[in-house]
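Trainee: I am new to this one and would like to learn how to read it. Could we go through it together?
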Amino acid sequence: MKDEESPSVQIYADGACSGNPGVGGFGAVLRWGTKEMELSGSEEMTTNNRMEMLAIITALESLKKPCRVRVITDSNYVVKGMTNWLAKWMKNNWKNSEKKDVLNKDLWVRLINASHIHEMEWEWIKGHNGHIENERCDLLARNAIKKCRECMQRG
């Protein structure tokens with residue numbers, strides 16, 4: 001009897017920040033087969049890179065079982081971090097090539113924990129270049145910023 005094949009999921013993700021640091025938002029679209037799910041969120045004081053990471057982390061944490069996951073993002077920071085830099089950072093006790101503490105270590109650790117059970121593939125795409133899902137994620141992120149600002153104004 002053949003083992004059940006792991007589901008294949010595409011995660012499209014984007015983060016945005018109004019001011020950097022400033023009010024930030026993220027959006028993600030998960031697609032498996034013919035099904036889709038949208039996720040978004042915000043923070044009052046954050047950076048663009050943190051929002052890019054949270055979009056992917058939130059999407060990965062929503063998965064209920066191990067999957068074959070392809071992350072499509074316009075964040076070179078996340079793609080290079082996960083494919084090139086991470087092993088060196090960990091080997092060097094979370095220091096970068098300049099011997100300084102790696103920024104966003106809390107989210108890198110969370111991203112590692114969220115991704116380790118999956119078969120991961122990372123794809124960088126050029127942002128704001130007409131990629132339908134990337135534009136959709138950007139809109140989710142910007143709408144999350146708008147909602148966050150409205151909540152902040154209401155106090």
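Mentor: Gladly, and let us begin with the cysteines: the structure holds 0 disulfides, a disulfide being a pair of cysteine sulfur atoms within 2.5 Å. Bear in mind that this is a predicted model, in which local features need pLDDT of at least 70 and side-chain atom pairs count only at pLDDT 80 or more, while totals for chains, interfaces and linings use all residues. Residues are numbered from 1 along each chain as its sequence is written, and side-chain values use heavy atoms, leaving out hydrogens and water.

Trainee: Are cysteine 17 and cysteine 137 buried or exposed?

Mentor: Buried means under 20% relative accessible area, exposed over 50% and partly exposed in between, using a 1.4 Å probe and protein chains only. Cysteine 17 has 15% relative accessibility, so it counts as buried. Cysteine 137 is buried too, at 0%.

Trainee: How do I read a sheet?

Mentor: Strands of a sheet pair through backbone hydrogen bonds, either parallel or antiparallel. Here, an open sheet of 5 strands has the order β3-β2-β1-β4-β5, with mixed pairing. Strands (E, at least two residues) and helices (H or I, at least four) are DSSP runs numbered from the N terminus, and two strands pair if DSSP finds at least two bridges between them. The edge strands, β3 (35–46) and β5 (119–124), each pair on one side only.

Trainee: How many bridges join β2 to β3?

Mentor: There are 10, and the two strands run antiparallel. Leucine 30 stands opposite methionine 37 in β3.

Trainee: And how are two packed helices described?

Mentor: By the angle between their axes and the distance between the axes. The axes of α2 (residues 76–91) and α3 (residues 105–115) come within 12 Å and cross at roughly 100°. Axes are lines fitted to C-alpha atoms, for helices over the stretch in contact, and angles run from 0 to 180 degrees between N-to-C directions. The two helices are therefore roughly perpendicular, the word for 65 to 115 degrees; under 35 is roughly parallel, over 145 roughly antiparallel and the rest oblique.

Trainee: Which residues of α3 make the contact?

Mentor: They are Trp108, Leu111, Ile112 and Ser115, where contact means heavy atoms within 4.5 Å. On α2, the residues include Tyr77 and Trp89.
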